[in-house]
Amino acid sequence: MANPTTPRSPEETELLERARKRLPGGVLGTSRYADDVGFVVKHGRGSKIYDVSGREYIDYVLASGPLILGHAHPAVVGAVRRQIEAGSTYFMVNEPIIELAEEICRAMPCAEQVRFTSTGSEATFFSLRVARTYRKRDKILKFEGGYHGAHDYGMMSSSPRSPKAFPAPVPDSSGIPHAIEDEVLIAPYNDLATVEGIVATHADELAAVIIEPFQRLIPPQPGFLSGLREITRRHGVLLIFDEVVTGFRLAYGGAQQYYGVTPDIACVGKIVGGGFPLAAVCASADLMQPFDPGQDGKGDFISQSGTLNGNPIAAAAGLATLAELRKPGAYETIHGTGKRLMAGLTDLAQRSGLPAQVVGEPVVFDLIFTGEPVTDYRSLQKADGALGRAFTTELIKRGVVKNTQKMYISLVHSEQDVATTLQACEDALKMLPKTKKR
Ligand SMILES: Cc1ncc(COP(=O)(O)O)c(C=O)c1O
């Protein structure tokens, strides 16, 4: 197997040129690696991906999170193969999707019923509709730096370059109607006093507070989530946990189990579809009732439909993934691998002489280039972004691929992967310019 120091092949260079011509920016979304390390994926297996030039990378992107079992896990491949022989989609209730709904309700403390969507963005979008329907109010409160997908309500102060005074939002994208800005309030993560003030002032207009309980890679401080639960309950505002990242990852029952706080509504995605497009809104039967078409014309009715909702291939892949995660020791293994990598990285950071620290939980974390505590978006913004991007680039050159500010850990990352990754990190850190920025 060629290692990443092997030059890019002419075939791969040509593919990258074709991508640039037909895909805006040559990419599929908002992230792009530096030109000199860009590559085209050929295939993935276990904890590794391989590019068209035959180069191997240890993969901590994991398809942006769904592949907690790694690439092409035999249990997932087998389940998908069996299902596809029986048809790829029906737009009708089917056995795998019923089973998956039951499994989500067994796992998630807040879930009695489930409405499936194809993406996490749709799940959070429709969770807001559930909250507005129940509360008969329109506004939502979200946290600065929190990401809930690419829809207009989610794209408010998710990554503002120039944040405004709370609770004013800053749109993250062109093309969002200005009217949406009046519907979204912004609060600082991990700052209960400020949240309390905003909720108290606006309680009468608020449908819900939506939060990533573990925000991007920032853990909640002790008491923050339980305090938020108490404030929202006291003011009668619904609490939505966006568990698209954390669901079935921090623990089988997601952040609600891991941090011991139960929201009114949760959104799950990524892992639950086993690498196929599937996500869901889940809540009590009471809150979910307006999704029932029998409600149409009677009372509150939430119109929600999607061509691929309840897709049986995604359900089969999700069920196979969850079955592996229920096996004894699965979470201990994932957390153990993550802890070893976090500890090794922390040690390297301290020895590097750079202002850098590991931020996150053992299942999702990264090295962040600041010496100051990272507790919210604004403290994360003080980190040296250029160093972070340079670190990511240097790692790709050494056969380790990750997102900037995010490493996902899988069940199949091995001890050897951890050792190789730490060596690559040590070498990458040596390539970074020493900086005084904190
Ligand atoms: C916390 C969170 N919510 C929602 C989404 C949106 O999910 P999707 O990309 O499936 O639309 C993401 C995607 O990364 C996410 O991280």
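Which residue in S6 is the bridge partner of Phe-143? The bridge partner in S6 is Ala-187. The legends below refer to a predicted model, in which local features need pLDDT of at least 70, side-chain atom pairs count only at pLDDT 80 or more, and totals for chains, interfaces and linings use all residues. Residues are numbered from 1 along each chain as its sequence is written, and side-chain values use heavy atoms, with hydrogens and water left out.

View 1. Strands (E, at least two residues) and helices (H or I, at least four residues) are DSSP runs numbered from the N terminus, and two strands pair if DSSP finds at least two bridges between them. S4 and S10 run antiparallel and are joined by 5 bridges; Gln-113 stands opposite Ala-283 in S10.

View 2. Strand S5 (residues 139-143) pairs with S6 in the parallel sense over 4 bridges. Angles run from 0 to 180 degrees between N-to-C directions, with axes fitted as lines to C-alpha atoms, for helices over the stretch in contact; contact means heavy atoms within 4.5 Å.

View 3. An open sheet of 3 strands has the order S11-S12-S14, with antiparallel pairing. Strand S11 (357-361) and strand S14 (407-408) stand at the edges, each with a single partner strand, so one side of each is left without a neighbour in the sheet. Strand S12 (residues 364-368) pairs with S14 over 2 bridges in the antiparallel sense, and Val-364 has Tyr-408 in S14 as its bridge partner. Helix H10 (residues 330-352) packs on this sheet, touching S11, S12 and S14, with its direction at about 5° to that of S12.

View 4. Gly-275 is found in the loop between strand S9 (265-268) and strand S10 (279-283). With 43% relative accessibility, Gly-275 counts as partly exposed; buried means under 20% relative accessible area, exposed over 50%, and partly exposed in between (1.4 Å probe, protein chains only). Not counting residues up to four places away in sequence, Gly-275 touches Pro-66, Leu-67 and Lys-270. Gly-275 and Thr-321 are 46 residues apart in sequence, and their C-alpha atoms are 9.2 Å apart in space.

**View 5. Cysteine residues.** The model has 0 disulfides, a disulfide being a pair of cysteine sulfur atoms within 2.5 Å. The cysteine sulfur closest to that of Cys-282 belongs to Cys-110 and lies 4.7 Å away, too far for a bond. Cys-282 counts as buried because its relative accessibility is 0%. Cys-425 also counts as buried, at 1% relative accessibility.
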